Amino acid sequence: MSKISVYDNEFKEISKLLEESYYNLEEAKKSVESSLDSLDFDSDAYNNYQERLYELSKIETKYAKSNDDLVKYLEEMTDELLMSQDFDGYLKIAKSKLDTHYDEAYKLGEKLSSYRKKLALKLEKELTQSLHELDLEKAVFKIEFEALKPQMVLGEDGLDSVEFMISLNEGEPLKALAKVASGGEKARFMFALKSLYATNSDLSLLVFDEIDIGISGKTATKMANVMKRHAKTMQILVITHLPQVAAKADYHYAIYKELVDKRMQTQINILNFEERTLAIASMLSDDEITPFAIEQAKKLLS
């Protein structure tokens, strides 16, 4: 490359690059050689490690246990030996371990409780706003915490007993959600809760399987509008029998059953505008699709 550099400046540049690379490689080679020279191999230590590995392999074969299982087995045998030789001492050690683990668990329970209570304030505010959007303008939602009794008790879920409380109408006291909400109100609550969870968790997909049962009229339209808003940031799949909800979708699939080769099969088809109009009109009709229902369907789709 150096010889032909007289013919073209580009060759001259390439020659410089190759020369620099050569010296860099020489430097790297010297560094590696220096590192290798500084290594110290202890044959006695190596042979000792090999013997220990061999002995360990024999023990694993003898007891048919892995290395980790052997450690646990040793602890179990040590405990049994201590129990037979000094039972009171064994109990004392076990009690000490129990107290240590309990104290650690209880401190974690206190942290969990504190964290829950902070999140509860945020959830109360956001969920109440969502319920107002869903035609429950007077709804008030609260989360009540009650410490497990007696004090210093650890439950499977921490130190707290948690109850969702709600007032659905102005002037009504807060009561347990499970006892006072109707089907439609519970549906709206679950929709609001799942929507908040999906938003805060950055989910990419949300599936609602007839979550709008017990809802109709303007409430259905409000729920459909919220679904439409969420569909801007995530994929929403909705199984519904409400025309207001179906009309808001970007894509509309019809699911039906038909007899194929003497067997009933489920089919799914994406609908064009005319098919979609008829599908929504059928939701608005009884047995027969009327011209009025078709006009209403077109109005909803527009």
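Biologist: How many helices and strands does the secondary structure of the protein come to?

Modeller: This is a predicted model, in which local features need pLDDT of at least 70, side-chain atom pairs count only at pLDDT 80 or more, and totals for chains, interfaces and linings use all residues. Residues are numbered from 1 along each chain as its sequence is written, and side-chain values use heavy atoms, without hydrogens and water. Helices (H or I, at least four residues) and strands (E, at least two) are DSSP runs, numbered from the N terminus. On that basis, the protein has ten helices and seven strands.

Biologist: Which strands stand at the edges of the open sheet, and why is one side of each left without a neighbour?

Modeller: Three strands form this sheet in the order S1-S2-S3, with antiparallel pairing; two strands pair if DSSP finds at least two bridges between them. Each edge strand has a single partner strand, so one side of it lacks a neighbour in the sheet; these strands are S1 (140-147) and S3 (175-176).

Biologist: Over how many bridges do S1 and S2 pair?

Modeller: Strand S2 covers residues 160-167. Within this pairing, Val-140 has Ser-167 of S2 as its bridge partner. The antiparallel pairing of S1 and S2 runs over eight bridges.

Biologist: What radius of gyration does the protein have?

Modeller: The radius of gyration is taken over C-alpha atoms, and the globule rule is 2.2 Å times the number of residues to the power 0.38. For a compact globule of 302 residues, the radius would be near 19 Å, but the protein has 36 Å.
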